Amino acid sequence: MDFAQPLIESESVTTKSKIRHILVKPSENDDPPKLDDMLVEAANQAASNVFGNNNTDSSQYPERVIPQSEKIEENALVVIFESFDNLDFCYAKSGEIFNNRNGHFHHDDFIGKPYGSKIRSRNNQGYGFVFLLKPTPELWARSLKHRTQIVHELDASMIVFYLNLRPNMVVCESGTGSGALSHCIMRTIAPHGKLYTYEFNGMRAETARQEFAKNRVGHLVEVLHKDVCGKHGPGGFDRPQASVDAIVLDLPEPWAAVPHCGHILKPNARLASYSPCVEQAQRTIEELKKCGFHSIKTMEFRLKEHYVDEVEYDPPPREKRPRLPTHLGPTGKSNTGTKTATDAEAEKQEQEEEVTKGQPAATDQASSDNATAGSKRKKLLVTRPFAMMRGHTAFLTFCTAGNTPQPDPNQ
Amino acid sequence: MSESNDVVMTTSQTSESDPLMILPSNVVQEGDHVILVFGDGRQLFAQCLKKLRGKAPPVKINKRTYPTFNLVGLPYGTVVEVGSSKLHPLPEGEDVIPKYPDTNKKGDDSNEGNLEDAEATAADNTFPSIEQANDNRDLVDNNTSQQLQQRQVEKMRRTGMEGATIVDTLIENSASFQNKTEFSKAKYVARKQLKYQQRCRIVRCTPSSLCEAMFLKEPRKMLNLREDTLGQILSYSNVCAGSHVLVMDNCMGIVTGALAQRMGGYGKVFSIYPGQQPPYVDMIARFNLNFAENSSIKWVHVEDVFGTPQGETPTSAETEVDEEKADRELLEWPCPLQDHTRAHLEKMESEKEKRDFLARRCARFTRKLTRGTPGEAKEMLNARKCDSVVIATKHDPTQSLIELLPYLAPSSPFVVFCEYIEPLAECFRELQEQRLAINLRLSDTWMREYQVLPGRTHPSMNMSQSGGFVLTGIKLCPVTGINDLDEEIMKEIKEKMGGRRGKKSSNKKKGGKRGRNDAGGDGERGQKSRRVEGK
Ligand SMILES: C[S@@+](CC[C@H](N)C(=O)[O-])C[C@H]1O[C@@H](n2cnc3c(N)ncnc32)[C@H](O)[C@@H]1O
C-alpha cells in the first residue's frame with residue numbers, strides 16, 4: 001500500500017532558507033560584545049524558537065512525499081471492485097486469470113493500466129467487467145478473507161482517532177486476527193512507527209505475517225505469536241516499561257491483559273478495548289481503574305448508510321367512481337311497475353356489461369389525465385436508509401494511562 | 001557568516017536527529033493550548049503561558065479569572081482543583097470527581113438530577129455493592145432537610161474555605177442523608193462536590209479532544225461537525241504521512257489542523273482560502289502544531305483553484321511575479337545588518353535595548369524565510385495529483401467536488417462532509433451520472449456513550465442526534481475508468497439474452513442508487529451476467 005513506501009525528499013522553502021546554528025566565538029575580554037556577535041546570538045535564538053526542539057538546522061525540513069503508483073505493476077496488490085458490497089483482491093501476475101461471476105479477467109490486461117480502470121472480461125464478449133482499485137486499508141478490510149471477526153471501518157477509524165495516533169508512534173495490538181485493524185493502524189504510524197501485534201493462534205500469526213509481507217507493509221509491523229493474557233505462562237507484551245504510545249485490545253478476555261498494558265504504556269498514553277459484550281467491557285473497566293487509567297469512556301458507533309433515489313410523485317389521482325346506471329335509457333323499459341324474474345335477470349346482465357365496459361374507459365381517462373399532468377409531476381431526490389444495518393459491533397472503551405509507571409505483573 | 005551548507009537529498013531514513021521523529025512532549029510546554037475538562041463535562045480552552053505579555057487571556061472559570069503560568073511544566077493528565085485564586089495541581093491518582101471516603105454522615109435528599117458521569121464516578125469510588133440497605137420508602141421531598149442557609153454556604157466559599165470542608169459541612173447539616181440509598185448518597189455527594197469542589201483535568205489538544213470541545217461550545221460555527229465524523233474523514237480520506245491532500249475547510253480550520261497533525265509534518269495539506277490572509281489562525285494554533293506540521297499546511301487561494309469571478313480576467317501566469325517569493329529570496333541568513341540599521345543600533349543606550357531589537361528583527365526574518373507563498377502553493381498543487389480531496393464547506397458541495405476532482409489522482413478517495421443530507425444526495429447522483437467515481441457511500445453515524453458499572457450499566461441519558469453526513473467515493477480514471485462496449489457488441493449480447501432483460505419497470509424510480517456503478521454486466525446487476533456466463 002502507498003503509505004508504506006519510502007518518502008521522496010526534495011528542497012523546501014525551509015531548506016532553501018539555510019537557517020542553522022552559527023557558532024560565535026566567546027569574546028576574550030570584557031569588552032562590550034560586538035554588534036555582529038549579538039546579531040548571531042539573536043539569530044540562533046530566533047532559529048531555535050521557530051523550529052522548537054532545539055533543532056536549528058533547516059536542512060532537516062525538506063518536503064517529503066509518498067511516491068504515487070499510478071499504474072499497476074507486476075506483483076502489485078490490486079483491489080477488485082465487483083459491486084458495492086462485493087470486493088476482492090489479487091496480486092497482479094502476468095499469465096494469471098482472475099475469475100468471478102462476471103467473467104474471466106486476465107492479469108495481463110491489468111498490468112500497465114492505471115488504477116481506477118474498468119476492465120472487461122475476456123469471455124462472454126466483454127459483457128462482464130470489474131474495476132481495479134489501488135488498495136487502502138478500508139478497501140482491504142472489505143476484500144480480505146475473514147479468518148476471524150474483523151474490526152470494520154467505522155470502529156477502526158474511531159480507534160485510530162480516539163487513540164490520537166500519528167506518524168512514528170509505537171503501538172501494540174492484540175489479537176491480530178485477520179489483520180484488518182492492523183493495516184489501519186500502520187497507515188497512521190508510518191513512516192517510522194512500529195506496530196507490535198500479538199496473536200496466540202500460530203496459524204493466524206503466520207498468515208498475518210505473510211500477508212503483511214505481500215502487502216509490503218512488513219517493515220511497519222512485527223507479528224508476535226504470544227498469549228498476552230498469560231493463561232499458560234507469563235502474559236504481556238514483552239516491551240520495556242513506559243515505551244508504548246497506544247494499545248488496542250480485541251480479545252475475549254481483555255481484562256487479563258490490562259495490568260500489562262499499564263506497565264508498558266507511556267504516561268498519559270491511550271488504550272482502546274473492543275468488546276462485543278457489555279460484561280467484557282465492565283470487567284475490563286474494573287481492571288483499568290485498578291491500574292491507574294482514567295478518563296474512561298465506553299462508546300458505541302453505528303454506521304447508518306443511505307441510498308439515493310430519484311422519485312417522481314404524481315399528484316393525487318382524480319377519476320370517476322364507477323356508478324350503476326340509475327335508469328335504463330332509451331329502450332323504453334319503465335323503472336316503475338312490476339318486473340318479471342327474467343326481466344331482473346336481463347337487467348343484471350346488462351349492468352355487468354356496463355361495468356366491464358366502463359372500466360377500460362375509466363383507465364384511459366386516468367392515463368390521459370396523467371399525461372396532461374405530467375408536467376406537474378414532482379421530481380425529488382431522496383435518500384433512504386438501508387433496510388438493514390449492523391446493529392451492534394462492539395462496545396469501545398477508551399481510556400488514558402496515569403502518569404505513574406505501573407509495575408510489571410510478571411515480576 | 002559560515003559557509004553555506006549544501007542540502008543533501010535522500011529518501012527518508014530514520015535518523016536520530018530527525019525532528020519529525022520527536023513526538024509531542026507529555027509535559028505542558030510554555031505556550032501550549034490545553035483543554036480543561038471538568039467533572040460535569042464542561043470543557044474550557046486555555047493557553048499556558050508563564051509570562052502574559054499582555055496578550056494571553058488567563059482562563060475564566062465561573063466568572064473568575066485564573067492564571068495559567070503554574071500549569072506549564074505539569075504532566076498532561078494532571079487534575080487541578082479550582083481554588084479561590086489559583087488552580088491547584090493535585091497528586092497523581094486524583095480524579096475530577098473527588099473520592100469521598102466517609103459515607104456515615106448525615107445528609108438530605110434532593111431531586112435526582114441527571115448527573116450521570118459524576119454519579120458514576122462517585123458511586124463507584126464509594127459504594128461498590130449493588131445490594132442496598134436503604135430505599136426511598138420514607139423519603140420526603142420537601143427540600144427542608146438542609147439546615148444550612150444558602151447565605152452561610154456562600155460565606156464559606158467567599159472566605160476561601162476548602163471545597164472538601166464545605167461538602168463535609170453540607171453533609172453534616174443534612175437531615176436526611178443517612179436514610180438515603182447508597183446511590184442517592186453518592187449522587188448527593190457528587191453534586192455538592194461538583195459545585196463546591198470543582199476540579200478539572202489538563203487534556204492535550206488533539207483532533208478528537210479539540211473537535212469534541214468545539215462541538216460542545218460552538219457547533220454551528222463548524223457546520224455541526226461532530227468529532228466522530230472528523231475521525232471518519234481522517235480515515236476515509238486515506239491520508240498518511242507524505243500525502244498530498246486538498247481540503248476545503250469551513251469548520252474553523254479544524255479539518256485542516258487535524259489533517260496536518262495526522263500527517264505529522266510529512267506531506268502537504270493544501271487548504272483553500274478566500275480573502276487576503278489565510279484564515280483560522282486561532283484554531284490552528286490550538287493544535288500546538290510543531291514547525292514541520294505547520295509548514296505542511298499550504299494555503300492555496302480560491303482564485304488558483306476555482307478561478308476568478310465571471311467577467312474578471314484572471315492574471316496570466318507569465319506576467320505574474322511572485323513578489324513575496326522574490327523578496328524572500330533576497331534575504332540571507334542571518335540577515336547581515338545594513339548600514340542604517342547598524343547606525344540605528346549604535347545609537348541605542350543599553351545592551352538590552354539592542355538585544356531586544358535584534359531578537360525582534362531575527363524573529364521576523366526567520367518567519368519570512370520559512371514562509372511559502374500562495375504562488376508556490378499553487379505550483380506545488382499543480383505539480384502532482386493529490387492523494388485525497390476533503391470537502392467540509394458551506395459552499396455547494398457538488399460543484400466544489402466536481403471542480404476539485406481534476407486535482408485528484410485516479411483511484412484515490414474523496415470525502416465530502418455536510419451537515420445536511422440533501423446536498424450530498426445531489427452530489428451522489430451527479431457523480432454517478434457523470435461516472436466520475438465509484439464505491440460511493442453516503443452515511444452518518446449513531447454514537448452513544450454508556451455508563452458501565454456493575455449492575456448499573458445503561459446508555460447515557462442524552463446523546464447527540466447528528467454529527468453530520470459524509471459522502472465518500474473513489475475517483476475513476478477519466479480515461480480508462482469508463483470502458484463501454486461498442487454498440488454492436490451490446491446489441492448482440494442483448495439479442496442473446498433475449499427476453500430475460502425484461503421490460504422497463506413501470507416503477508418511476510430512476511437509476512437506483514448504485515446499480516449503475518456496480519460492476520457486473522452493463523445495465524444489469526451482477527446476477528444476470530452470471531446467468532449469461534453459465535451458458
Ligand atoms: C476478533 S479477532 C481480532 C480481529 C482484528 N482486530 C481484525 O480487525 O482483524 C481476535 C483474535 O485474538 C486472538 N486472541 C484471543 N485471545 C488471545 C490472547 N490471549 N493472546 C493473543 N491473541 C489472542 C484470537 O486468536 C483472534 O484471532
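Accessible areas are computed by the Shrake-Rupley method with a 1.4 Å probe. The model shown is predicted.

**Figure 1. Chain A as a whole.** Chain A exposes about 19200 Å², and carbon and sulfur atoms supply 51% of that area. The chain contains 10 helices and 16 strands. Of its 411 residues, 53% count as buried. When contacts between residues at least 6 apart in sequence are considered in chain A, 66% of them join residues at least 24 apart.

**Figure 2. The shell around the ligand.** The ligand is surrounded by 24 residues, the closest being Val151(A), Glu199(A), Arg204(A), Asp227(A) and Asp250(A). By residue class, the shell divides into 10 nonpolar, nine polar and five charged residues.

**Figure 3. Polar atoms facing the ligand.** A polar backbone atom of Val151(A) is 3.0 Å from an oxygen atom of the ligand. At Leu181(A), a backbone N or O atom lies 3.2 Å from a ligand oxygen atom. The side chain of Asp250(A) places an N or O atom 2.9 Å from a nitrogen atom of the ligand. Taken alone, the ligand exposes 600 Å², of which the protein buries 92%. In chain A, helix H6 (180-189) and strand E10 (194-199) are the elements that give two or more residues to the shell around the ligand.

**Figure 4. A salt bridge between the chains.** Over all chains, the structure holds 36 salt bridges. One of them joins Asp18(B) to Arg64(A), with the closest N and O atoms 3.1 Å apart. This pair crosses between chains: Asp18(B) belongs to the segment before strand E1 (33-38) of chain B, and Arg64(A) to strand E2 (residues 63-65) of chain A. Asp18(B) counts as buried because its relative accessibility is 3%, and the threshold for that class is under 20%. Arg64(A), at 4% relative accessibility, likewise counts as buried.

**Figure 5. A salt bridge between two strands of chain A.** Lys266(A) and Asp245(A) form a salt bridge whose closest N and O atoms are 2.9 Å apart. Lys266(A) lies in strand E13 (residues 265-275) and Asp245(A) in strand E12 (residues 244-249) of chain A, so the bridge ties together parts that are 21 residues apart in sequence. The two partners fall into separate classes of accessibility: Lys266(A) counts as partly exposed at 27%, whereas Asp245(A) counts as buried at 9%.

Figure 6. The side chains of Arg199(B) and Glu94(B) meet in a salt bridge with an N to O distance of 2.9 Å. Distant parts of the chain are linked by this pair, with Arg199(B) in strand E7 (residues 199-204) and Glu94(B) in the loop between strand E6 (87-89) and helix H1 (116-126) of chain B, 105 residues apart. Arg199(B) counts as buried, at 7% relative accessibility, while Glu94(B) is partly exposed, with a relative accessible area of 26%. Elsewhere, Glu9(A), Arg64(A) and Asp18(B) are joined into one network by salt bridges that share partners.

**Figure 7. The surroundings of Ala258(B).** Ala258(B) lies in helix H7 (residues 254-263) of chain B. With a relative accessibility of 0%, Ala258(B) counts as buried. Apart from neighbours within four places in sequence, Ala258(B) is in contact with Pro207(B), Leu230(B), Leu234(B) and Phe287(B). Ala258(B) and Ser208(B) are 50 residues apart in sequence, and their C-alpha atoms are 8.6 Å apart in space.

**Figure 8. Two cis peptide bonds.** In chain A, the peptide bond from Ser174(A) to Gly175(A) is cis, with omega near -10°. Gly175(A) is placed in the loop between strand E9 (170-174) and H6 of chain A. In chain B, a cis peptide bond joins Trp333(B) and Pro334(B), with omega about -5°. Pro334(B) is found in the loop between helix H11 (323-330) and helix H12 (339-346) of chain B.

**Figure 9. Positive phi angles in chain B.** Asn224(B), a residue other than glycine, has a positive phi near 55°. Asn224(B) is located in the loop between helix H5 (207-217) and helix H6 (227-236) of chain B, and it counts as buried at 18% relative accessibility. Tyr280(B), also not a glycine, has a positive phi of about 60°. The loop between strand E9 (268-273) and helix H8 (281-286) of chain B holds Tyr280(B), which is partly exposed with a relative accessible area of 25%.

Terms used. Residues numbered from 1 in each chain as written. Chains lettered and ligands numbered in written order. Predicted model: local features only at pLDDT ≥ 70, side-chain atom pairs only at ≥ 80, totals over all residues. Heavy atoms only, no water. Near = heavy atom within 4 Å. Polar contact = N/O pair within 3.5 Å; in protein donor to acceptor, adjacent residues only side chain to side chain. Helix = DSSP H or I, 4+ residues; strand = E, 2+ residues; numbered from the N terminus. Nonpolar A, V, L, I, M, F, W, Y, C, P; charged D, E, K, R; others polar. Salt bridge = Lys/Arg side-chain N within 4 Å of Asp/Glu carboxyl O. Buried < 20%, exposed > 50% of the residue type's maximum accessible area, 1.4 Å probe, protein only. Contact = heavy atoms within 4.5 Å.
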